[in-house]
Amino acid sequence: MDIINKDKKFNVTCIGLNDFGEGEFKVGKSIYSVNNLLPKEKAIVIENDYQGIKKFQLYKITSPSKLRCDVNCKVYNKCGGCQLLHMSYDNQIKFKVDYVNKCFKEKKINAKVMEIVKADFIDGYRNKMQVAYKLKDKDIIYGFYEDKTHRIINNNYCQVQSKEQNEIANNVAKIMKELSIPPYNEDKRTGLIRFLIVRFSVYSKEILVTIVTNGKEFKARSEFVKRLRARCPYISTIVQNINTRKTSIILGDEEIVLFGKGYITEEINGIKFNISSQTFFQVNPYQVSKLYSKVSEYLALTNKETVIDCYCGVGTIGMILAPSAKVVYGVESNKISVLNARNNSYNNKIKNIHFVIDDATDYLNKLAKENVKIDALVLDPPRSGSTELFLNSVNKLKPNKVCYVSCEASTLARDLQILLKEYVIKKVGIVDMFVGTYHVETVVLLTRKDLK
Ligand code: SAH
């Protein structure tokens with residue numbers, strides 16, 4: 001814990017949780033929050049300014065709540081990765097249900113969570129680990145960023161990542177030191193290794209390692225690969241991704257495969273998906289099949305429907321729906337994801353699906369102008385949600401069923417307000433994709449008002 005000024009300690013009482021699962025308290029007249037504090041708990045917090053912003057860190061809980069759980073993480077108070085590990089699993093779920101219901105209420109949406117799909121695995125579930133490296137007192141440290149900052153929190157073991165992911169991250173730091181490979185320095189823009197990304201497949205057990213470098217030149221490349229493979233023989237493939245940009249975007253466009261085939265294969269609901277370092281894939285492979293099954297269950301297709309899968313990524317939802325639809329069109333703005341989606345449908349011999357590289361709003365607006373007949377529509381936008389024009393186009397196209405998959409309930413509620421001009425909400429479910437974090441995945445089924 002960085003104690004900047006011992007005098008800046010405050011005794012506080014938690015007055016409730018905010019939307020990020022942080023415990024709120026008052027200092028003077030203002031309300032602040034820290035991670036790892038439960039309602040009614042008393043604690044000592046330390047004021048700790050960061051880049052001119054007044055922030056607090058938890059120093060000590062002086063009167064713990066009965067609802068508190070042990071956390072197997074040394075950096076929990078600082079790290080931005082997880083926020084709810086100190087709550088029992090049932091309390092985590094309650095927090096998520098309450099959040100979705102609160103977002104609905106705020107937008108005057110007359111619906112509540114009706115179904116909850118819990119997770120079976122709480123530890124080691126994340127199929128993607130992403131850590132940054134940094135030089136500190138001649139040592140190479142690594143970890144995730146502190147919440148809302150670019151300060152790396154040194155952490156040698158993360159409980160939501162797998163044992164292998166942790167081992168690889170650890171060995172990369174050791175090998176960097178042995179071979180004098182400097183980590184990237186964000187301020188000076190010097191050094192070589194910026195990030196390490198490790199992804200695994202539950203189905204094939206393959207592991208993809210991506211080393212993000214600040215430049216193409218990587219002199220120790222072959223020795224680095226040799227040592228890493230010798231120490232972590234379970235690695236299936238290693239890729240160097242080059243990112244010289246001054247940006248917080250992790251990956252660059254250029255890639256060199258250093259070992260293996262450059263991608264791994266995951267299987268969900270009997271369909272195989274190739275995952276490369278550039279591909280978006282849901283982070284919880286154990287829950288993702290439950291999420292997609294929920295979408296299938298809600299839409300209950302009968303082989304006759306024309307379906308549109310909007311914001312389709314690598315085509316996962318559309319490909320799972322295709323066997324029970326007449327035809328599926330997937331639309332996605334990321335070109336690499338669409339190329340992956342096309343390869344995935346080809347490899348799985350799914351012939352009634354077609355993918356379009358386009359902005360989802362532009363695409364739907366075009367379809368609405370042409371008055372194309374659509375029976376069912378899925379949308380799974382990023383956290384920022386969809387657009388007014390997209391949603392009004394849905395209202396014009398009037399598919400019988402709309403299934404909205406959302407990873408941010410506040411934008412979901414905002415968007416539902418527009419869809420509710422033509423639709424009614426039939427079902428609302430949450431699938432716990434992001435165990436230990438405040439993030440919640442919600443699935444909503446809407447049907448046409450006029451067909452009620
Ligand atoms: N349904 C997929 C992906 C969901 S993530 C799955 O379950 O894996 C959201 C996707 O929306 C990302 O792939 C992102 O690239 C895409 N996206 C973001 N903005 C978009 C836009 N304006 N038009 C089309 N796709 C967009």
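In this predicted model, six strands form an open sheet with mixed pairing, in the order β9-β8-β10-β11-β12-β13. At its edges lie β9, residues 139–143, and β13, residues 254–259, each of which pairs on one side only. From one strand to the next, the twist averages 25°.

Strands of a sheet pair through backbone hydrogen bonds, and the sense can be parallel or antiparallel. The pair of β8 and β9 is antiparallel: β8 covers residues 128–136, and five bridges connect β8 with β9. Within this pairing, A132 is found opposite G143 of β9.

Which strands does helix α2 lie across? Helix α2, made of residues 163–178, lies across β8, β9, β10 and β11, where β10 spans 193–200 and β11 spans 207–213. The direction of α2 is at about 25° to β8. Another helix, α3, takes in residues 221–231 and lies across β10, β11, β12 and β13. Here β12 is the stretch 237–242, and α3 runs at about 55° to β13.

Y329 stands opposite H354, a residue of β18. What kind of unit do β17, helix α6 and β18 make? With α6 formed by residues 335–347, they make a β-α-β unit, and the unit is right-handed.

Technical notes
Residues numbered from 1 in each chain as written. Predicted model: local features only at pLDDT ≥ 70, side-chain atom pairs only at ≥ 80, totals over all residues. Heavy atoms only, no water. Pairing = 2+ DSSP bridges. Helix = DSSP H or I, 4+ residues; strand = E, 2+ residues; numbered from the N terminus. Axes fitted to C-alpha atoms, helices over the stretch in contact; angles between N-to-C directions. Contact = heavy atoms within 4.5 Å. Right-handed = clockwise from strand over helix to strand, strands pointing away.
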